[in-house]
Amino acid sequence: MRDLFKSSSIISISVFIAGFISYCFQLILSKLITANDYGSYNVLMSFSGLIGIPITILSISILKQYSIYKEQNSIIQIHKLFNITIKLSIYIAVSIFIFFIIFIDFFINFLKISNNSTYYNFIVMHIVGIFFPFLSFFLQGMRDYFYFSIMNVLNSIVRLIIPLCLMLFVVLDLNNIILSSTIASIISTIVLIYFIKKKYDLSIFAKNFKLSLSEIRESYSQLSIKSYARSMLVIISFSLIIQIDILIVNYFFDSEISGNYALASVISKIIFFISSGINTLILNEASGKNYFKIKTKSYLYFSLIFTIFFSILFCLGSYFLGPFLIEFIYGEKFFLARDIIKFLPIAFVPYALIQCYEYYLLSQDKVIFSVLFIFLFPFLIYFLNLFVNDIWNIILILGIFGFSYLILGIFVSMISDNLLRK
């Protein structure tokens, strides 16, 4: 348990630092480029997030497979899985390139990209960006959490430094910002490749690029339609949970209130950085043990206690220091956000705990909270629409819904466990 606490602390700190650096990047970027370019950049990044969902889901299946082989201490199978994953990454990269080229006119118009150069930079950024998550998941699969954390933070630092260096030679606009992201992806990926090659004596350069279905089935027992569907349900439901409040407030309130809320919400969601790091670790550690019927309930308890402890610290920090930091950085521009930041993180605590539960259940090839969310989501929308006259009602409803959702999910999980035992 001591090693688990150490690994959890390392990953959580690295995720927090990486998230903070990304936030600083957004802050600096908003001051360096025009409002139109900044808006277009965020639209492109939001679209990237949607495109990246299938890859994120696939990465979860790969991580669970690494966990099984690591539990068996089967180094040969891990190396073989790594080589197959690289081939699969190449296939995905080529498919994305063809997809973007075929629909070039549609995407340029849909994303309102002003020139082809920006669009091609956007394609290259995606193609290069495919390899980093697959490579970094290998480090997690090997349970090399220290170097995984270093690479995660390094990736964020490079993405901050490159555009700052680029502005010394060119004027920063949308095209050059995308170019800087592409360069940052290339540098981060090369560093990661070098590290993996040096420490594990592995190369991403496959001797042949042929990849058969039989080869995939042999190495990916976790890559099934059911497994992929479970992971997809979890990723999509939590993507909605994390983003839905900003969309709702933006729809029901004027731009001034929604802007203040959005800032407070972005800062408050740092609380998810706490849970996401530990949850990925638990998914990695517990998946292999659950596959071999080894008890892992202590992992769930640990993740809950760890998340509760740091969430309390964050909520206290937000209450006492949040208003001061917002005023110090933004002045009077976001006066309402100073009050919202004092209470909004509390409303997000149950969702962070729900994430702990769901990722643990996913390591057992079960999904409960994400299915519940589908049935409970209409009730959330109904009550928000009913009490939409005040921003504080929105925060209160989000909090009450979150704690009710958490308690109901735990209850359903307990019933499910009892039925399985019988």
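In the predicted model, E327 and R338 are joined by a salt bridge in which the closest N and O atoms lie 3.4 Å apart. This pair links distant parts of the chain, with E327 in helix α13 (residues 297-330) and R338 in helix α14 (residues 335-340), 11 residues apart. E327 counts as partly exposed, at 38% relative accessibility, whereas R338, at 16%, counts as buried. Salt bridges with shared partners also join E71, R143, E285 and K289 into one network, and the count of salt bridges comes to seven.

Among the seven salt bridges is that of D365 with K64, whose closest N and O atoms are 2.5 Å apart. Here D365 lies in the loop between α15 (344-363) and α16 (369-386), while K64 belongs to helix α2 (residues 35-72), the two being 301 residues apart. D365 is partly exposed, with a relative accessibility of 29%, but K64 is buried, with a relative accessible area of 2%. A further salt bridge is formed between the side chains of K199 and D144 (2.7 Å, N to O), and it connects helix α8, which holds K199, to the loop between α6 (131-141) and α7 (145-166), which holds D144. K199 counts as partly exposed at 42% relative accessibility, and D144 as buried at 9%.

Helix α8 (residues 174-200) also packs against helix α5 (residues 116-129), at an angle of about 20 degrees and with the axes 9 Å apart, so that α5 and α8 are roughly parallel to each other. The crossing of α5 past α8 is left-handed. Residues making the contact include F122, M125 and V128 of α5 and I178, L179 and I186 of α8; by class, the contact comprises eight nonpolar, eight polar and no charged residues.

Note on methods
Residues numbered from 1 in each chain as written. Predicted model: local features only at pLDDT ≥ 70, side-chain atom pairs only at ≥ 80, totals over all residues. Heavy atoms only, no water. Axes fitted to C-alpha atoms, helices over the stretch in contact; angles between N-to-C directions. Helix = DSSP H or I, 4+ residues; strand = E, 2+ residues; numbered from the N terminus. Parallel < 35°, antiparallel > 145°, perpendicular 65-115°, else oblique. Left-handed = near helix turned anticlockwise from the far one by under 90°. Contact = heavy atoms within 4.5 Å. Nonpolar A, V, L, I, M, F, W, Y, C, P; charged D, E, K, R; others polar. Salt bridge = Lys/Arg side-chain N within 4 Å of Asp/Glu carboxyl O. Buried < 20%, exposed > 50% of the residue type's maximum accessible area, 1.4 Å probe, protein only.
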